[in-house]
Amino acid sequence: MNWFYEYNGEQKGPVTESELDSLIAQGVVLPTTLVWRDGLTSWTPLARVRTASAPVGGFTPAAGSTQCDSCGRFFDTGDVVQIAGRNICAGCKPAVLQGLQQGTTLTSLSDPTRNGPAWEHRETLGFWVATRDTVKSILMEPSHAFSTMRVDGGISKPFWFNLIFAGLGNVVLFLVLSLFQASMTSLSPELRGASGMPAGVAGVMFVFQLVWSFVGVAIGTFIQSGIIHVSLMICGGARRPYEATYRALAYGAGSVALLNLIPVLGSIAAVPWSLVVTCIGLSRTHETDLWRAVLAVFLLPIVCCVLALIVMGIAFGVASTGHH
Amino acid sequence: MSAALLERRRPAAGEIDHERLWLAVGGSAVLGLALAARLGLRPPPCLFHLATGYPCPGCGSTRAMLQLAHGNFSAALAFNPLITVAALCALAWGLYAAAVLVLRLPRLRVSEVSRRGALGLRLGLLAAVVANWWWVIAHHL
């Protein structure tokens, strides 16, 4: 079986099983390296397709070698030091120690099983393949997608994904609603000219709303992530920093918004799907209980509804007392 | 033992710079909303108010913000006290964020929150929302 792999941002291969084993032993192919072979639906980190207990190609690290928890490469055990219970090679040691002094925790070191989604590797996979694989995995297999999603590494990649695709979905939704509104206006003479707005002003507003579809979604996702992260903290489920919440929501919203490309039905399906993807995304990225994630998403509406019932109960009680 | 410990430190490599991020997000949101208001775009009506006839905890926010923008602090408080106080806190935080970014100062971070502190924060937040809603209902009905 032939394999393809990513190296320095380029696609390499095909290589045979034994050649892949050599590349792994040399440290060229790491557990985090994206690989692909026939039968795989998308580019996948090596660690996902070759587990330690059942290596596909028969690869086992040389006796006496230890894997660095920071870079993933194998070294002689004597060349690896223990820092806070993690194996760190001599090359990574200065950066790890510096990070610790600056407040980074060792739990944030790269997790070989968290290397997705494909959008994080679009330089290698190409824009369309990375987009297709990301959207497909988040919509069809959200549990797997968010279990393998990176929880660190910055916010620029999820930001651009969210800006492009959630913005695109919003624009399509806005255009469909505008067309619907225009057709209703043309059918109903009473509505024609009801706004009394000059054509120039209406045009400026239209352009503003198109631009705001992109800018607003980018700003909105940051704010929504902040609110949900605080809710998750209140529910005791925020086990990772704000970045993880933002990543889950940005990739989730960007993927689900593309459902708006299917007029009417897609937009209707996007509402429940968005909730499902958000709840699963939060629980998998924070590695917390699903019920905590669901509670965090619905905390604000739940508090409002409970308080509303109390207020209405009091108002009803006061009104009944007044009648007596 | 204090409820929460604050520390001053510089962001670690790869860590989100919250001061830069939220200053950019807040600034863009204020600019966008100001432009929308200038173009005559209005926020959608409150669905909760439409459905129940009672104002929601956020009702009066737009009017409070407009009053605050004109410097009418007491009028803003009357429309929605919690949103007004939150907006003033956000403004103060924005000034702090701008200062640490310009002067390249270490950032303030919460390093530890005790269990009692966390419980107190949760209850305090809930009490603030309830009290604010009580006020909004009393002044709108």
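The model is predicted: local features need pLDDT of at least 70 and side-chain atom pairs count only at pLDDT 80 or more, while totals for chains, interfaces and linings use all residues. Residues are numbered from 1 along each chain as its sequence is written, chains are lettered from A and ligands numbered from 1 in the order in which they are written, and side-chain values use heavy atoms, with hydrogens and water left out.

**Contact between chain B and chain A**

- Chain B contributes 29 residues and chain A 24 residues to the contact, where contact means heavy atoms within 4.5 Å.
- About 2300 Å² is buried between the two chains, 84% of it on carbon and sulfur atoms; buried area is the accessible area (1.4 Å probe) that two parts lose on being put together, summed over both.
- Of the area that chain B buries against chain A, 21% is supplied by Ile16(B), Leu39(B) and Arg122(B), more than by any other three residues.
- Between chain B and chain A there are 0 salt bridges, a salt bridge being a side-chain nitrogen of Lys or Arg within 4 Å of a carboxyl oxygen of Asp or Glu.
- Helices H1 (18-38), H2 (47-52) and H6 (115-140) of chain B each supply at least two residues of the side that touches chain A; helices (H or I, at least four residues) and strands (E, at least two) are DSSP runs, numbered from the N terminus.
- H1(B) gives the most to this side of chain B, with 10 residues.

**Nonpolar surface patch**

- Leu275(A), Leu290(A), Val294(A), Phe298(A), Ile302(A), Val306(A), Ile310(A), Ile314(A), Val318(A) and Trp134(B) form a nonpolar patch on the surface, with about 870 Å² of accessible area together.
- Such a patch joins nonpolar side chains (Val, Leu, Ile, Met, Phe, Trp, Tyr) within 5 Å, from residues with over 30% relative accessible area and no salt bridge; accessible areas come from the Shrake-Rupley method with a 1.4 Å probe, and for residues only the protein chains shown count as cover.
- Helix H11 (residues 290-323) of chain A provides the largest share of the patch, 8 residues.

**Salt bridges**

- Over all chains, the structure holds 11 salt bridges.
- In the salt bridge of Glu120(A) with Arg247(A), the closest N and O atoms are 2.9 Å apart.
- Glu120(A) lies in the loop between helix H3 (93-101) and helix H4 (122-125) of chain A and Arg247(A) in helix H9 (residues 242-257) of chain A, so the pair ties together parts that are 127 residues apart in sequence.

**Backbone features**

- A cis peptide bond runs from Gly13(A) to Pro14(A), with omega near 5°.
- Pro14(A) belongs to strand E2 (residues 10-15) of chain A.
- Glu287(A), a residue other than glycine, has a positive phi near 50°.

Technical notes: Patch = residues over 30% accessible without salt bridge, like charges linked within 9 Å, V, L, I, M, F, W, Y side chains within 5 Å.
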